[in-house]
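Subject: Structure for you to look at

Hello,

Please find the structure below, followed by notes on what was found in it.

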Amino acid sequence: MTSPRALDNAPLDAETLAFLNRAGLARLWTAARTRLERNGLQPTGTIRLQHLDTQERQDLSLLLAKPLTTSTATIHLSDLDTRLRTTAVGRGLAETLAALGPALTDRRAARDAAAAQRAGLWSAAEAALSATPLASQPWAAQWLEEIRRAGTVTRQDRHTATTILDQAIRTLATLFPGPDAEPTPAVWGRSELATRTTGSAHGLDDGTLLSRLVLRGIALASGSDVPVDAPGRRALWRLASVTPDEVSSTVLSYGLRPTGTSWGERSLRERADRHLETHLTLRELRALHLEMPSRTRIHVCENPRVVEAAADADCTAALICTSGSATTVVLTLLDALAAAGCAFAYHGDFDWPGIALANRVVERYDAQAWRMKAEDYEYLATRTQVHGTPQLLLAGLPVEAVWDAELAPAMEALGIALHEEAALDLLLEDLG
């Protein structure tokens with residue numbers, strides 16, 4: 001004897017399937033699916049279909065075995081379930097919808113499972129926290145509650161969320177050990193700390209979710225604000241005796257002649273006298289005292305080729321290169337020069353990212369636009385056309401230049417992107 005469950009799972013015959021797939025029943029199945037998935041797949045409640053057309057009234061009448069003469073129908077899901085079981089369909093509403101596809105989702109069960117998973121995640125985190133010296137720190141429980149409320153961790157998959165919480169707790173416990181803990185380094189390198197607590201030297205790199213969680217903990221432990229920029233994050237790491245990487249990123253400089261007497265300032269002056277470029281790390285910048293002659297004019301460019309050409313031409317003007325983006329180390333040097341009373345002139349690429357970068361520098365340092373006005377662009381664009389230089393088309397969304405309202409319209413009109421090298425001879429003339 002065949003079981004009812006086996007009948008429910010048997011394929012629908014072609015004639016029945018064709019009837020159920022009639023266009024006039026499409027809205028019924030969609031509404032029934034939505035209601036069933038909310039009801040834990042139980043055929044309870046009603047659905048109301050409005051503005052029925054002739055085809056829909058006809059098909060619904062055949063399915064429900066009762067005439068529908070108005071444009072609105074209220075259908076009890078329990079009645080529909082019974083009707084389907086007693087017809088050639090031979091199965092309930094849930095099984096019918098599953099046969100029509102796609103598979104049904106028990107959203108109530110999914111929500112309950114997700115809630116149970118979240119509860120388990122935070123219970124495990126609380127247990128892990130209580131097993132460390134952090135349990136006696138009054139800020140630690142607040143930290144865990146704050147990141148729970150933020151919801152960022154629970155948006156990760158379960159394995160990732162569990163791993164990040166475990167690593168964050170382990171990292172904070174390493175930075176804030178109890179009085180009976182084994183001695184640890186007085187100062188941690190961030191990559192060294194990351195290797196110790198995550199197994200990867202890049203585990204605590206800036207911008208990762210893990211580093212943000214750890215920094216929030218350090219902020220609570222030290223009574224500090226959560227930083228919103230890179231210098232603030234580095235300062236907060238130092239409060240916990242962690243030294244960020246300050247040697248891998250550099251800023252390209254040329255012709256700097258600070259007036260200080262330390263080895264670093266003397267070295268910069270000697271390299272400037274020899275027309276040599278200098279790559280400076282954050283670590284070196286922090287050791288320098290960049291006192292400069294009053295109102296020294298600093299030229300700032302976007303592409304390293306300009307610095308190379310200036311050195312080859314024995315130019316004498318001071319030049320800083322952003323190398324395509326104003327990174328932290330670039331801004332640190334420019335900030336120091338601004339504090340020393342220097343004035344700035346900026347030149348970059350005539351494309352939309354180049355204008356956006358120029359806006360940042362011009363606004364931050366009240367810099368002059370250096371051969372970056374509409375007439376400069378039009379002259380260079382015309383010159384490349386006369387010389388038969390292959391044209392690079394502008395791409396992306398236009399960006400208005402804060403120093404010249406006519407520049408963006410001129411660029412849109414010609415539609416040509418110009419890299420900084422197109423103006424190299426003019427820039428070298430100014431730098432000479």
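Contact here means heavy atoms within 4.5 Å. This is a predicted model, in which local features need pLDDT of at least 70 and side-chain atom pairs count only at pLDDT 80 or more, while totals for chains, interfaces and linings use all residues. Residues are numbered from 1 along each chain as its sequence is written, and side-chain values use heavy atoms, with hydrogens and water left out.

Nonpolar cores

A nonpolar core is a set of buried Ala, Val, Leu, Ile, Met, Phe, Trp, Tyr and Cys residues joined through side-chain atoms within 4.5 Å. Buried means under 20% relative accessible area, exposed over 50%, and partly exposed in between (1.4 Å probe, protein chains only). The largest such core has 67 residues, and Ile 298, Leu 319, Ile 320, Leu 333, Leu 337, Phe 344 and Leu 431 have the most contacts inside it. Helix H17 (residues 352–365) gives the most to this core, with 7 residues. Helices are DSSP runs (H or I, at least four residues), numbered from the N terminus.

Leaving aside residues up to four places away in sequence, Ile 320 touches Val 251, Leu 252, Ser 253, Leu 256, Ile 298, His 299, Val 300, Cys 301, Leu 333, Leu 334 and Leu 337. A second, separate core of 35 residues includes Ala 125, Ala 140, Ala 161 and Ile 169.

Helix H9 with helix H11

The axes of H9 (residues 158–175) and H11 (residues 209–222) come within 9 Å and cross at roughly 40°. Axes are lines fitted to C-alpha atoms, for helices over the stretch in contact, and angles run from 0 to 180 degrees between N-to-C directions. Angles under 35 degrees count as roughly parallel, over 145 as roughly antiparallel, 65 to 115 as roughly perpendicular and the rest as oblique. H9 and H11 are therefore oblique to each other.

On the H9 side the contact is made by Ile 164, Gln 167, Ala 168, Thr 171, Leu 172 and Leu 175, which meet Leu 209, Leu 210, Leu 213, Val 214, Gly 217 and Ile 218 in H11.

Trp 237

Trp 237 lies in helix H12 (residues 230–239). With a relative accessible area of 1%, Trp 237 is buried. Beyond four places in sequence, Trp 237 touches Arg 190, Leu 193, Leu 204, Ser 211, Val 214, Leu 215, Ile 218, Val 242 and Pro 244. Ser 211 is 26 residues from Trp 237 along the chain, and their C-alpha atoms are separated by 9.9 Å.

Regards

Definitions and conventions. Helix = DSSP H or I, 4+ residues; strand = E, 2+ residues; numbered from the N terminus.
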